[in-house]
Every structure is written in C-alpha cells, then in structure tokens.
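Please read the points below with the sequence and the model side by side. They go from the whole chain down to single residues.

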Amino acid sequence: MIYFHHYCFSKNKNTNQNKNQPVYFKDEMRGTILKEFVSLRPKLYAYKTENNAEVKNLKV
C-alpha cells in the first residue's frame, strides 16, 4: 500500500501552476481524502472518499 501525505498542499494555490511538469502532484480531489481505491486496468476504477461517497468509473 502506498501513502501520499497531502498536508503540504495549499487549498488556495493555482492547480495549473505545475501542469505538464514531471514530479509534481495535482490535488484533483480538491482536498477530499480517499479511503479506498481499486483499479483493474486503465480507465476502469472505483474509489471511496472520507465521507463514504462511492465513485465507479468505466470508460470504453
């Protein structure tokens, strides 16, 4: 299991500042913490957030 610490992200920071630059992470969940994440292959994934919202995505 891999853990990423997100405490260093600023919520007011422009998210496009480091766009298309390697090694930088972008906060795509806008501060929401993921509890679980499952991916079977590219574009086929499901995740659950800290407020128990479930998202299941399949792109064909």
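1. The protein chain has three strands and zero helices. Both kinds of element are DSSP runs numbered from the N terminus: helices are H or I with at least four residues, strands are E with at least two. Read from the N terminus, the order of the elements is β-β-β.

2. This is a predicted model, in which local features need pLDDT of at least 70 and side-chain atom pairs count only at pLDDT 80 or more, while totals for chains, interfaces and linings use all residues. Residues are numbered from 1 along each chain as its sequence is written, and side-chain values use heavy atoms, with hydrogens and water left out.

3. Of the 60 residues in the protein chain, 3% are buried. Buried means under 20% relative accessible area, exposed means over 50%, and partly exposed lies in between (1.4 Å probe, protein chains only). The accessible surface of the chain is about 6100 Å², and carbon and sulfur atoms hold 53% of that surface. These areas come from the Shrake-Rupley method with a 1.4 Å probe; for residues, only the protein chains shown count as cover.

4. Among contacts in the protein chain with a separation of 6 or more, 2% join residues 24 or more positions apart. A contact means heavy atoms within 4.5 Å.

5. Where does Thr 49 lie? Thr 49 is part of strand 2, which covers residues 44-49. Thr 49 counts as buried because its relative accessibility is 5%. Leaving aside residues up to four places away in sequence, Thr 49 touches Met 29, Thr 32, Ile 33, Leu 34 and Lys 35.

6. How many aromatic pairs does the structure hold? There are two aromatic pairs. Rings of Phe, Tyr and Trp (its six-membered ring) pair if their centres lie within 6.5 Å; planes under 30 degrees apart count as stacked, over 60 as edge-to-face and the rest as tilted. Phe 37 and Tyr 45 form a stacked pair, at 6.1 Å centre to centre with 25 degrees between the planes. Tyr 45 and Tyr 47 also form a stacked pair, at 6.3 Å centre to centre and 10 degrees between the planes.

7. Ring pairs join Phe 37, Tyr 45 and Tyr 47 into a cluster. Phe 37 is partly exposed because its relative accessible area is 49%. Tyr 45, at 26%, also counts as partly exposed, whereas Tyr 47, at 18%, counts as buried.
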